[in-house]
Amino acid sequence: MNRGLILKFENLVQLHCACRQLHTLSYRKVYRTKWKPVQSSVYPIWSVHLYPQFWQTDKLISVALPHYRHLATKEEKKKNRKKLPLAKGEVEIRQKMTVEELARAMGKDIDHIYEALLYTDIDFNSLEPDSILYEDYIKLIVKKSGMKYKSAKLKEEKKKENTDAVKRPPADPAVLTPRPAVVTILGHVDHGKTTLLDSLRKTQVASMEAGGITQHIGAFLVHLPSGEKITFLDTPGHAAFSAMRARGTNVTDIVILVVAAEDGVMEQTIESIQHAKNAGVPLILAINKCDKPEADPERVKKELLAHDVICEEFGGDVQAVNISAIKGENLMVLAEATVALAEMLELKADSTGLVEGTVIESRKDKGKGPVTTAIIQRGTLRKGCILVAGKTWAKVRFMFDENGKAVDAASPGIPVEIMGWKEVPSAGDEILEVESEQRAHEVVAWRNYVEQQEKMKRDLEVIEAKQKEHRTEYEKKQQKLVHLTWRQRKAVLYKANKHLIFSKPKERTEIDKNVLSVIVKGDVDGSVEAILNILDSYDADNECKLDIIHFGMGDISETDVSLAEAFNGVVYGFSVKANETIKKVAAKKGIKIKLHNIIYQLIEDVKHELNSRLPPSVVENTIGEASVLDTFSVTVGKSKVPVAGCRVHKGQLDKKMKFKLIRRGDVIWKGSLSSLKHHKADVQIIKTGMDCGLSLDKDIEFNIGDEIICYEEKEVEQTTSWDPGF
């Protein structure tokens, strides 16, 4: 027998044996068993391994059994697949769920979810089983599946226990002891409030204020010659600091209303009266600057009658004292009137137990860290006390009086500066003492949780409104494209968005050029609050959008500059500094840092920056006017050109300028002249009283009585319509 035929036959036998063996293997489902080799009896020279070795089995399976493996895997999957729980018509949903989680909750497969989303604006190319779906789409899928949904978030909220700190119940009258009166000085800007306090304290606070205007709340304890103590709060009179004045009246017992004798009742005077009425606090009227020749105290008293402030001489209950703060006249009379009113009020407080108070002002000091000025209203504050205010807490390390002198304790009615806060609390926050640091952590955690829940609720409302708006827009667009094939739709959408896809970063910046992004840094919380309150009144978004991307306390940092660079913004600092390194970094990045000490100058700077972002408006300046007295046409080549015979009656006509044709008050045409002639000669200028013939760059028939206006266009810088109120 031919040797070649023998080899072919041997190969066929081997293949046949291998197939039989693999057939057996598929039934027994054994993949890694190592069987013994068996020798063929017919051809002892050529041994046939009916049971191949371990490595040979792998090789044969990888080559010969892809279909078997596929079937085996499918069979295994069927066994291992978990049975999805069938939803009984109601699905429990969360705000965010993956496609897989939603399918499991509904008792459906993933394909069902995809099918339900076919007619929405979701991009299927990016949708995976682990892709997150938001609540709006989750509800839509459940509805399309004929099921109802219920929210799972309510169950989670009920489990959270309220761990907030609260004020103690009212104290027993037997434990109450007298305390100093807290007196707030209110009035219009520059009416002499701080000068009055300086005279009482014999200090010079006013000279240290920027622009001579108080820009913070100052809390001071004044010792009168009679031995009485009064805590004074000096509030800013500027329009920007309305919130500070409101805080001052909320913690005070008596309000001294300062009115300049020569100016009378002004805007912030009226606002101060309203704050006092809202707080239910009695008033004492101090008519200042009575030493001036133009002073008229009686006029002031009469003007106040219109605002329901009735002095004693007119049958009311408001004491009025004529003073001169700068000369120190009648100050003791004012102090005695204040002490007398305080005695009538019988001011007492509980100086035992846990401390309660109010943050008057807060700031971040370089050496001391977060610092607050506070007035204690109950209990006695000592070193080591654990305090909570807003969403931060403190272990009191040091306390100082208004002169910077360290004190060991502060009783009710006493203003004190507190060190040891973890973060800066907000001015106006309530201070409560708690038993331990652990308890303080619990209170802060609860308050953060409550704020987070409220924010989530607000965000959800905004998201739902935006989604509804986007869906409406999407449905409108789809309605326009409903008659097109999917390929045609894709082409239309590509053309619509092509300019955004291929626009360069610089071009995108141009698109957002009419947006002013600002970062606000201030020395104290109250200053930042006042600036933000003014910026919140901005109402000209249609001209230029104002976006506050960050605000805080402390000096300008490199982080502020980096943030401004990211948003192409401006950094504004109020009574803070920026060191030379920061200034150089900002200059290198092209970022503006603007520092101010007077609030209205800062706001004027913001207005100027807004104006610079507005596109210039084009203004037409009329140079000359002419009337059409006659019309005719001339032949130029093969066409006839309309010509107007005119007389200039105002200004002059300059061929280089732009012209417009006015008929019965309507502009018929705008453009340039193709010719301007005087006595058949081409000229550039026709002056008043001269006749001329002219033709336009467009064939338009003239009528006798038409007006020809010569004008030039100039770009003029626009100014914002926003009025901050001062």
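Select helices α17 and α18 to begin: the two are roughly parallel to each other, a label for angles under 35 degrees, with over 145 counting as roughly antiparallel, 65 to 115 as roughly perpendicular and the rest as oblique. Helix α17 covers residues 558-567 and helix α18 residues 580-589; they pack at an angle of about 10 degrees, with their axes 10 Å apart. The axes are lines fitted to C-alpha atoms over the stretch in contact, and angles run from 0 to 180 degrees between N-to-C directions. Helices (H or I, at least four residues) and strands (E, at least two) are DSSP runs, numbered from the N terminus.

This is a predicted model, in which local features need pLDDT of at least 70 and side-chain atom pairs count only at pLDDT 80 or more, while totals for chains, interfaces and linings use all residues. Residues are numbered from 1 along each chain as its sequence is written, and side-chain values use heavy atoms, with hydrogens and water left out.

E558, V561, S562 and E565 of α17 make the contact with I582, V585, A586 and K589 of α18, where contact means heavy atoms within 4.5 Å.

Proceed to helix α12, residues 331-345. Its 15 residues reach 21 Å from the first C-alpha to the last, close to the 21 Å expected at 1.5 Å a residue; the expected span is 1.5 Å times one less than the number of residues. Colour its buried residues: L331, L334, A335, A337, T338, V339, L341 and A342. Buried means under 20% relative accessible area, exposed over 50%, and partly exposed in between (1.4 Å probe, protein chains only). Just after α12, select E346, which takes a positive phi of about 50 degrees.

Now select E430, in strand β20 (residues 430-434). E430 is partly exposed, at 35% relative accessibility. Show also K167, G357, V388, A389 and G390, which E430 touches when residues up to four places away in sequence are not counted. Of these, V388 is 42 residues from E430 in sequence and 8.1 Å away in space, C-alpha to C-alpha.

Continue to N611 in helix α19 (residues 599-613). N611 is buried at 11% relative accessibility. Beyond its neighbours within four places in sequence, N611 contacts E717, Q718, T719 and T720.

Finally, select the cysteines. The structure holds 0 disulfides, a disulfide being a pair of cysteine sulfur atoms within 2.5 Å. C646 is in no disulfide, and its nearest cysteine sulfur, that of C692, is 5.0 Å away. C646 is buried at 2% relative accessibility. C385 is also buried, with a relative accessible area of 10%.
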